[in-house]
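Please read this briefing beside the sequence and the structure, which are shown just below. The lead sentences come first, followed by points grouped by topic.

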Amino acid sequence: ELYAFTPDYMEEAREVAFSDPQAALISFRDIAKRYALPIPTDDRVCCLDCSRLIRGRCDAAKLGLMKDTQTEYSPVPDVPRNCEHYSPINRPGVKTR
């Protein structure tokens, strides 16, 4: 269980976030600022550097490749993350795992 959340609690949190994505994003950013952790040096990437980010939306989600993710998913583009659907943009200086 993630952070001691039960599956029912996680499902409720998803439903609330999906019902108002803008408010969920603002809340997420506030929480991230409040509990800021050092950025680890790893192979995480930003969606800004992914060719699947099209007009602010994740094409992998649109294609149904991401379980538990709405097809209209708009990720926070500059937050480092691990994503199995990452597809690098061929630009000089862009991290390509």
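**Briefing on the protein chain**

Aspartate 68 counts as partly exposed, with a relative accessibility of 48%, and the residue sits in the segment that follows α3. The model described here is a predicted one.

**Overall build**

- The protein chain contains three helices and two strands, and these elements come in the order α-α-β-β-α when the chain is read along its sequence.
- Of the 97 residues in the protein chain, 15% count as buried.
- The protein chain exposes about 7,600 Å² of surface, of which carbon and sulfur atoms supply 56%.
- Where contacts in the protein chain join residues at least 6 apart in sequence, 56% of those contacts are between residues at least 24 apart.

**Salt bridges around arginine 14**

- Three salt bridges are found when the whole structure is searched; as a general point, side chains of opposite charge can pair when their charged atoms come close.
- Glutamate 11 and arginine 14 form one of these salt bridges, with 3.6 Å between the closest N and O atoms.
- Because glutamate 11 and arginine 14 are three residues apart in helix α1, which covers residues 7-19, about one helical turn separates them.
- Glutamate 11 is partly exposed at 37% relative accessibility, and arginine 14 is likewise classed as partly exposed, with a relative accessible area of 27%.

**The salt bridge between arginine 57 and glutamate 72**

- Arginine 57 forms a salt bridge with glutamate 72, and the closest N and O atoms of the pair are 3.2 Å apart.
- Here too the pair links distant parts of the chain, with arginine 57 in strand β2 (residues 57-58) and glutamate 72 in the segment after α3, 15 residues apart.
- Arginine 57 counts as partly exposed at 37% relative accessibility, and glutamate 72 is partly exposed with a relative accessible area of 44%.
- Taken together, salt bridges with shared partners join Glu11, Arg14 and Asp68 into one network.

**Backbone angles**

- Arginine 55 has a positive phi of about 50° although the residue is not a glycine, and its place is in the loop between β1 (53-54) and β2.
- Arginine 55 counts as exposed because its relative accessibility of 79% is over the 50% cut-off.

**Cysteine 83**

- Which segment holds cysteine 83? Cysteine 83 is found in the segment after α3, the helix that spans 59-62.
- Cysteine 83 is classed as buried because its relative accessible area of 17% is under the 20% cut-off.
- The C-alpha atoms of cysteine 83 and cysteine 46 are separated by 9.2 Å, and these two residues are 37 residues apart along the chain.

Technical notes:
Residues are numbered from 1 along each chain as its sequence is written. This is a predicted model: local features need pLDDT of at least 70, side-chain atom pairs count only at pLDDT 80 or more; totals for chains, interfaces and linings use all residues. Side-chain values use heavy atoms; hydrogens and water are left out. Helices (H or I, at least four residues) and strands (E, at least two) are DSSP runs, numbered from the N terminus. Buried means under 20% relative accessible area, exposed over 50%, partly exposed in between (1.4 Å probe, protein chains only). Contact means heavy atoms within 4.5 Å. Accessible areas come from the Shrake-Rupley method with a 1.4 Å probe; for residues, only the protein chains shown count as cover. A salt bridge is a side-chain nitrogen of Lys or Arg within 4 Å of a carboxyl oxygen of Asp or Glu.
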